[in-house]
Amino acid sequence: MEFIDMNEKNNMLIFSLIDESTSAVGYSAEDILLKLLYQLIVILIVTRIFVWIGRSYLGQTAVAGEVLAGLVLGPSVAGALFPEFMGNIFPEESSTIFIGIAQIGLILLMFEIGLEFEFGEKLRKSRFTVAVISITGIFLPFTVGFFSAEWLWNSITTPRPDKNAFQLFFALALSITAIPVLGRIFMELGLAHTRTATLIIGAAAIDDIGGWILLGAISTICASNYQFDQFIFNIFGIIVYVILVFLIVKPLLRYWLSSELKKEKRLSHTVMAYIIIFLFLSASVTSYLGIFALIGSFAIGVALHENREFVTLWKERIGSLVHIFFLPIFFTYTGLRTDIGTLSGPDEWIICLLICLLAFVTKFGGTYIASRLLGENRRIAATIGISMNTRALMELIVLNIGYDLGILPPNIFTMLVIMAILSTFITTPLIRRLMKGQAIRN
């Protein structure tokens with residue numbers, strides 16, 4: 001009897017602990033929710049403030065304000081000025097939930113980016129010009145970045161990351177162009193209709209495809225720890241998966257979507273639920289294969305981008321939520337990792353300046369020279385060079401992956417974030433000036 005009583009007491013204790021610590025409606029759950037709500041309120045308010053400041057006083061588009069807000073909320077600005085307050089708003093114990101929301105937002109964002117990749121339309125005209133500009137815009141920065149990264153790697157204090165992995169990620173960071181940001185900039189400036197914008201978006205599309213292929217390959221190499229058999233397994237799995245997506249999943253999804261949209265005349269809750277399930281399944285597969293969940297969601301987006309009715313409805317129902325809610329969370333997630341205080345002394349600031357110059361010169365120089373050789377005038381060539389130098393969102397995604405893999409140390413991560421922000425901030429005013437008089441006012 002005593003044994004039974006002890007069991008009963010233990011069970012009561014366990015249920016009591018469960019009720020207090022894991023109940024969805026208990027005090028602990030309410031405390032977690034309250035902290036998360038504080039974080040979201042601060043993020044959304046600060047983001048709206050900086051979007052307004054960027055548009056009204058800095059001549060920037062919304063995305064530049066969103067990026068800046070994320071940096072300001074991190075230890076570089078708000079954390080340094082109000083360490084106790086920001087520590088209470090973004091405590092370590094709530095970081096897991098915050099990171100989870102940021103990653104879900106990225107999965108949805110990459111799906112939307114895949115939906116926007118209208119390759120045929122963008123590349124139908126001036127295909128040769130677009131291809132040459134894009135290839136030059138990847139090859140020159142990647143090559144220069146790879147070989148210059150050895151010098152940068154030698155400057156890192158021990159323990160250093162793997163040298164080859166560091167060189168590959170640094171080279172990739174210099175090669176990226178942010179097509180979704182460019183698209184938003186041209187639309188907000190009323191320039192999306194121009195031939196120059198079409199050339200740039202087409203070249204940036206190829207650039208991003210090449211960048212994501214490189215990212216997938218580099219991530220797979222790093223995930224396999226240079227074990228040849230594991231690397232071959234991952235690559236084989238990725239190839240098989242991509243084939244399945246485009247040969248089997250794509251036609252089935254398109255047929256099902258078309259029939260559902262024809263029957264419902266709208267994007268129903270059922271359709272959205274199943275699309276999100278497919279999206280998360282695809283993200284899970286690519287994550288398991290070692291190339292990150294983002295690639296899986298991007299692949300499903302590309303597979304469905306030809307169904308323009310679905311794309312329009314998805315953007316109307318889900319797109320605004322992704323950009324207004326999830327995207328600022330990701331920028332804040334990056335900002336919380338970026339600490340300008342880690343750049344100690346003038347030597348590291350000089351290195352940061354050199355990285356910025358190297359990134360700008362190789363990307364702008366390569367695409368400008370290629371454009372001039374292909375017959376474009378100086379103004380158009382300069383616009384192409386400035387635009388292709390825009391990194392922003394895509395760069396930040398790559399940098400966060402490199403940081404998570406332990407390949408980019410905090411100080412190098414901060415330097416590259418600064419480079420990404422500067423390359424984004426110089427784009428809008430320069431495009432506005434170079435393409436003055438071509439905008440359509442809505």
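I began with helix α8 (residues 127-154) and helix α16 (residues 345-373), whose axes lie 8 Å apart and which pack at an angle of about 155°. The model I examined is a predicted one. Angles over 145 degrees count as roughly antiparallel, and α8 and α16 are therefore roughly antiparallel to each other. I noted that the crossing of this pair, α8 and α16, is right-handed.

I then listed the residues that meet between these two helices. From α8 I recorded V132, I133, T136, G137, I138, L140, P141, V144, S148, W151 and L152. From α16 I recorded I351, L354, I355, L358, T362, K363, G366, T367, A370 and S371. The contact of α8 with α16 divides into 13 nonpolar, 7 polar and 1 charged residues.

Next entry: α3 and α15.

I looked up helix α3 (residues 62-72) and helix α15 (residues 308-337), and found that their axes come within 7 Å and cross at roughly 45°. α3 and α15 are therefore oblique to each other. α3 passes α15 in a right-handed crossing.

Next entry: the cavity.

How many cavities of 30 Å³ or more does the structure hold? I found 1 cavity of that size. The largest cavity contains about 50 Å³ of space. I listed its lining as V67, G70, L71, F331, T334, G335, T338, L396, V417 and I421. At least two residues of this lining come from each of α3, α15 and α19 (410-425). The lining of the largest cavity divides into 6 nonpolar, 4 polar and no charged residues.

Last entry: the second largest pocket.

I recorded a volume of about 450 Å³ for the second largest pocket. Its lining holds 20 residues, and W212, I213, V242, I295 and F298 are those that lie nearest the pocket centre. Two or more lining residues of the second largest pocket come from each of α11 (195-223), α12 (228-264) and α14 (293-304). Which element gives the most to this lining? I found that α11 does, with 6 residues. I counted the lining of the second largest pocket as 16 nonpolar, 4 polar and no charged residues.

How values were computed:
Residues are numbered from 1 along each chain as its sequence is written. This is a predicted model: local features need pLDDT of at least 70, side-chain atom pairs count only at pLDDT 80 or more; totals for chains, interfaces and linings use all residues. Side-chain values use heavy atoms; hydrogens and water are left out. On a 1 Å grid over the protein atoms alone, a cavity is a set of points where a 1.4 Å probe fits but cannot get out, and a pocket is an open set with protein on both sides within 12 Å along at least five of seven lines; lining residues have an atom within 4 Å of a point. Grid points are joined across faces, edges and corners, and a volume is the space filled by probe spheres set on the points. Helices (H or I, at least four residues) and strands (E, at least two) are DSSP runs, numbered from the N terminus. Ala, Val, Leu, Ile, Met, Phe, Trp, Tyr, Cys and Pro count as nonpolar, Asp, Glu, Lys and Arg as charged, and the others, Gly among them, as polar. Axes are lines fitted to C-alpha atoms, for helices over the stretch in contact, and angles run from 0 to 180 degrees between N-to-C directions. Angles under 35 degrees count as roughly parallel, over 145 as roughly antiparallel, 65 to 115 as roughly perpendicular and the rest as oblique. A crossing is left-handed if the near helix is turned anticlockwise from the far one by less than a right angle, and right-handed if clockwise. Contact means heavy atoms within 4.5 Å.
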